[in-house]
Amino acid sequence: MSTLTILPSGATLDVSEGANLLQTLLAAGEKLVSKCGGKASCGACHVFIKEGRKGVSKMTPEENAKLDSLVGVSSKSRLACQVNILGTEPVTVELLGALSGF
Ligand code: FES
(Lines give C-alpha, C1' and ligand atoms only; values in the text may rest on other atoms or scores of the structure.)
Protein backbone atom coordinates (compact mmCIF):
# COMPACT_ATOMS: atom_id res chain seq x y z
CA MET A 1 0.00 0.00 0.00
CA SER A 2 1.22 3.45 -0.88
CA THR A 3 -0.11 6.98 -0.60
CA LEU A 4 -0.94 8.83 -3.81
CA THR A 5 -1.33 12.61 -3.67
CA ILE A 6 -3.08 14.21 -6.63
CA LEU A 7 -2.40 17.82 -7.63
CA PRO A 8 -3.87 20.34 -8.09
CA SER A 9 -6.84 18.95 -6.14
CA GLY A 10 -4.68 17.87 -3.17
CA ALA A 11 -6.63 14.64 -2.80
CA THR A 12 -4.82 11.71 -1.18
CA LEU A 13 -5.57 8.03 -1.72
CA ASP A 14 -4.26 4.74 -0.42
CA VAL A 15 -3.22 2.75 -3.48
CA SER A 16 -2.41 -0.94 -3.71
CA GLU A 17 0.87 -2.20 -5.11
CA GLY A 18 0.52 -2.81 -8.84
CA ALA A 19 -2.37 -0.37 -9.32
CA ASN A 20 -2.44 1.40 -12.68
CA LEU A 21 -2.16 5.17 -12.28
CA LEU A 22 -4.65 6.11 -15.02
CA GLN A 23 -7.29 3.72 -13.70
CA THR A 24 -6.69 4.94 -10.16
CA LEU A 25 -7.09 8.58 -11.17
CA LEU A 26 -10.27 7.89 -13.14
CA ALA A 27 -11.73 5.88 -10.27
CA ALA A 28 -11.01 8.84 -7.99
CA GLY A 29 -13.11 11.08 -10.25
CA GLU A 30 -10.21 13.03 -11.69
CA LYS A 31 -10.62 14.42 -15.18
CA LEU A 32 -8.09 12.66 -17.32
CA VAL A 33 -8.72 11.56 -20.88
CA SER A 34 -7.78 8.22 -22.40
CA LYS A 35 -8.28 8.30 -26.14
CA CYS A 36 -6.28 5.18 -26.95
CA GLY A 37 -7.52 2.92 -24.18
CA GLY A 38 -4.17 2.94 -22.38
CA LYS A 39 -1.90 1.90 -25.23
CA ALA A 40 0.67 4.72 -24.95
CA SER A 41 -0.37 6.09 -28.32
CA CYS A 42 -2.60 9.14 -27.70
CA GLY A 43 -0.61 11.04 -25.06
CA ALA A 44 -3.80 12.37 -23.47
CA CYS A 45 -2.90 10.92 -20.07
CA HIS A 46 0.35 12.93 -19.79
CA VAL A 47 1.06 13.78 -16.14
CA PHE A 48 4.02 14.86 -14.02
CA ILE A 49 5.29 12.60 -11.25
CA LYS A 50 6.28 15.38 -8.85
CA GLU A 51 7.55 13.13 -6.07
CA GLY A 52 8.15 9.44 -5.61
CA ARG A 53 9.54 8.53 -9.01
CA LYS A 54 11.06 5.41 -7.44
CA GLY A 55 7.59 4.46 -6.31
CA VAL A 56 6.35 3.87 -9.86
CA SER A 57 7.19 1.43 -12.65
CA LYS A 58 9.97 2.16 -15.12
CA MET A 59 9.31 3.77 -18.48
CA THR A 60 8.97 1.51 -21.49
CA PRO A 61 10.45 2.37 -24.91
CA GLU A 62 6.90 2.86 -26.24
CA GLU A 63 6.08 5.40 -23.53
CA ASN A 64 9.38 7.19 -24.04
CA ALA A 65 8.77 7.47 -27.78
CA LYS A 66 5.28 8.90 -27.28
CA LEU A 67 6.48 11.44 -24.71
CA ASP A 68 9.11 12.61 -27.19
CA SER A 69 6.29 13.69 -29.50
CA LEU A 70 4.37 15.73 -26.91
CA VAL A 71 4.56 19.42 -26.01
CA GLY A 72 5.42 20.49 -22.47
CA VAL A 73 7.34 17.36 -21.54
CA SER A 74 9.81 17.46 -18.65
CA SER A 75 11.94 14.96 -16.77
CA LYS A 76 8.89 14.40 -14.55
CA SER A 77 6.62 13.44 -17.46
CA ARG A 78 4.89 10.06 -17.63
CA LEU A 79 1.88 8.62 -19.39
CA ALA A 80 -0.46 7.65 -16.57
CA CYS A 81 -1.74 4.63 -18.48
CA GLN A 82 1.78 3.15 -18.49
CA VAL A 83 2.50 3.76 -14.79
CA ASN A 84 1.96 1.19 -12.10
CA ILE A 85 2.32 2.01 -8.44
CA LEU A 86 5.09 -0.07 -6.85
CA GLY A 87 4.14 0.62 -3.26
CA THR A 88 7.71 1.40 -2.25
CA GLU A 89 7.26 5.10 -1.49
CA PRO A 90 4.54 7.77 -1.58
CA VAL A 91 3.84 9.27 -4.98
CA THR A 92 2.64 12.76 -5.92
CA VAL A 93 1.14 13.18 -9.38
CA GLU A 94 0.24 16.49 -11.04
CA LEU A 95 -2.51 16.57 -13.67
CA LEU A 96 -1.60 18.97 -16.44
CA GLY A 97 -4.85 20.09 -18.01
CA ALA A 98 -3.94 21.94 -21.21
CA LEU A 99 -0.40 20.59 -21.10
CA SER A 100 -1.48 16.99 -21.44
CA GLY A 101 -1.17 15.59 -24.89
CA PHE A 102 -4.64 16.04 -26.30
S1 FES B 1 -4.34 6.75 -22.48
FE2 FES B 1 -3.49 7.08 -24.45
S3 FES B 1 -1.38 7.35 -24.00
FE4 FES B 1 -2.25 6.91 -22.09
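Residues 24 or more positions apart account for 72% of the contacts in the protein with a separation of 6 or more, two residues being in contact if their C-beta atoms, placed from the backbone, lie within 7 Å. The structure is a predicted model, in which local features need pLDDT of at least 70, side-chain atom pairs count only at pLDDT 80 or more, and totals for chains, interfaces and linings use all residues. Residues are numbered from 1 along each chain as its sequence is written.

**The whole chain**

Begin with the whole protein displayed as a cartoon. It has 2 helices and 5 strands, and along the sequence they follow the pattern β-β-α-β-α-β-β. Helices (H or I, at least four residues) and strands (E, at least two) are DSSP runs, numbered from the N terminus. The radius of gyration, taken over C-alpha atoms, is 12 Å, close to the 13 Å that the globule rule gives for 102 residues, so the protein is as compact as a globular protein of that length; the rule is 2.2 Å times the number of residues to the power 0.38.

**The sheet**

Next, select the strands. They form an open sheet of 5 strands with mixed pairing, in the order E2-E1-E5-E3-E4. Its edge strands are E2 (11-15) and E4 (77-79), each of which pairs on one side only. Two strands count as paired if DSSP finds at least two bridges between them.

Now select strand E5 (91-95). Strand E1 runs parallel to E5 and is joined to it by 4 bridges; here Ile6 has Val93 in E5 as its bridge partner. E3 and E5 run antiparallel, also with 4 bridges, and Glu51 is partnered by Thr92 in E5.

**The core**

Then select Leu21, Leu22, Cys45, Ala80, Ile85 and Val93, the residues with the most contacts inside the largest nonpolar core, which has 20 residues. Such a core is a set of buried Ala, Val, Leu, Ile, Met, Phe, Trp, Tyr and Cys residues joined through C-beta atoms within 7 Å. A residue is buried if 20 or more other C-beta atoms lie within 10 Å of its own. Strand E1 (2-7), helix H1 (21-27), E3 and E5 each supply at least two residues of this core.

Finally, centre the view on Val93. Leaving aside its neighbours within four places in sequence, Val93 is in contact with Leu4, Ile6, Leu7, Leu21, Val47, Ile49 and Lys50.

Definitions and conventions. Buried ≥ 20, exposed ≤ 12 C-beta atoms within 10 Å, placed from the backbone.
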